[in-house]
Amino acid sequence: MASVSSGDVVNVFKRVYGDTTNLLPEDFPLAKAIPFSEKQKVGDSYVECVVLTNETGITLGGSAMDAFELNASIAGVVKQTSITPYISVLPSVVPWGVVSRSAGGGDKAFFDATKFVVKNNLRSHSRFQEAIRLYGQSPALLGYVSYATATYRSVSFTTGTGTLTVNGSSVTFTAGVNTSSKWILLAPGSFAAGLWVGMEGVRVNQVTSTGAIVGSGKLVAVDAIQGAIQVDFTPTAASSTTSHRLCYAGMELAKEYVGMNKIMTTTAGTLFGIANSGFSLFQPNYKTLAGVKLTLARFQLEVANMVNKGGLEGDLDVYVNPRTWATLASTEAGLRVYDKSYNPSEAENGFEAISFYTQAGKATFRPHRMVKEGEAYVLHLPTWSRSGSAEVSFSVPGMPGELIFPLENQAAYAFRSYSDQYVFCNQPAHNLLIDGINDESST
């Protein structure tokens, strides 16, 4: 290490990774659909302006030619919301050997040796952000422990008790858990593979409905087919359908910003500092299905209600779990919309999206691995924005400090990615959350 100084490493790192755009992941749909932008900051908060009602003081003058008195103006309600972004930091380590064998060889050698660690940091941090974008401060957090009495994965369960083949072994769950093997079965509709697969080692908390931690440790394994996770602590059995939830450590204390699920289920409450019960345009649309498939007919009905309620005009982007997407792709094949580039004589294996016409415009369904199996997010994207002081990057605004530095008691350098942001919807009435979807249903 004598031939490479800490200053050299820092300078090379800044030159190589000062602009990280080329390394940002491409598989986080909401991050791409809702671009990050900087907005006006006032103190510790950011200001978003929303129009809540129309001007209503109209005077109807009739057909006579006489003078008439004008009604007093009744101004529309316009309010400014104050939103505080939330910080997240993800550290990574580069061993001395990697640095010493590359930093002295110029920028390209350093980049080639470190790009996989750096890219993985950005991908990992962005993955956490996408999960928060959906489920930050959600009432269900990342999912309920199963206490369901239902047929799930073709097995009959009673209050979360039944037997599944999990990762090749027969596991009997009692009230959603197996305490000996430490497997936890998520409730029907609560599982999303993208929240868990590849996250082995992440700190997981099991918490009650009031936020008390009853189990804490690391994720050990995932069965993406059966919707179960294995942890390194003894899980607690559920006592009702909503008694126990799972989350990444810190979410039980609401240390992350409000995500789409929370925004779109707050139909009568305070949303971004506004009591929305008196403002219909600031009330999201929320529909719970009765454990049936999401079909186009059911979807069209809910869009009709959304159009009536909020005057929606424009295209919709619908993010669903891949299981729901598969159902729509197979059952509604004859009703798809194909654009002018479609050539019926050319077969393609797979689609990125499928589209249908609705009362408001075109609805494009997109599979998203982080969307829970029982949910569908129907978004009018022009009403959504992301902002804050920093998108995921290796810099902290206003702090010129070093991005990479040697660790005191470890033969490695450390670097950290930083984010400070929030997600906002200026017209919740143009958006819809559907839950209660059951792709295993016969109807």
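Two strands are taken to pair if DSSP finds at least two bridges between them, and the strands themselves (E, at least two residues), like the helices (H or I, at least four), are DSSP runs numbered from the N terminus. The structure described here is a predicted model, in which local features need pLDDT of at least 70 and side-chain atom pairs count only at pLDDT 80 or more, while totals for chains, interfaces and linings use all residues. Residues are numbered from 1 along each chain as its sequence is written, and side-chain values use heavy atoms, with hydrogens and water left out.

**The chain as a whole**

The secondary structure of the protein chain comes to 7 helices and 25 strands. Of its 443 residues, 49% are buried, where buried means under 20% relative accessible area, exposed over 50%, and partly exposed in between (1.4 Å probe, protein chains only). Among the contacts (heavy atoms within 4.5 Å) with a separation of 6 or more, 76% are accounted for by residues 24 or more positions apart.

**Strand β25 and its partners**

Strand β21 (residues 376-379), by contrast, runs antiparallel to β25 and is joined to it by 3 bridges, with Y377 standing opposite L433.

**An open sheet and residue T208**

An open sheet is formed by 6 strands in the order β9-β10-β13-β12-β11-β14, with antiparallel pairing. At its edges stand β9 (177-178) and β14 (244-248), each of which has a single partner strand, so one side of each is left without a neighbour in the sheet. Inside this order, β11 and strand β12 (residues 213-223) run antiparallel and are joined by 5 bridges, and V204 has G217 in β12 as its bridge partner.

T208 lies in strand β11, which spans residues 203-208, and T208 is buried, with a relative accessible area of 16%. The side chain of T208 makes a polar contact with the side chain of T210 at 3.0 Å; such a contact is a pair of N or O atoms within 3.5 Å, where within protein one must be able to donate a hydrogen and the other to accept it, and residues adjacent in sequence count only if both atoms are side-chain atoms. Leaving aside neighbours within four places in sequence, T208 is in contact with V214, S243, H244 and R245.

**Aromatic pairs**

The structure holds 9 aromatic pairs. Rings of Phe, Tyr and Trp (its six-membered ring) pair if their centres lie within 6.5 Å, and planes under 30 degrees apart count as stacked, over 60 as edge-to-face and the rest as tilted. Two of the pairs are set out below.

| Pair | Centre to centre | Angle between planes | Arrangement |
|---|---|---|---|
| F299 and F365 | 4.9 Å | 65° | edge-to-face |
| F394 and F415 | 5.5 Å | 80° | edge-to-face |

F299 lies in helix α6 (residues 296-310) and F365 in strand β20 (residues 362-367), so the pair ties together parts that are 66 residues apart in sequence. F299 is buried, with a relative accessible area of 0%, and F365 is likewise buried at 0%. In the other pair, F394 belongs to the loop between β22 (384-393) and β23 (404-406), whereas F415 belongs to strand β24 (residues 412-425), 21 residues apart; both F394 and F415 are buried. Ring pairs also link F128, W196 and Y248 into a cluster.
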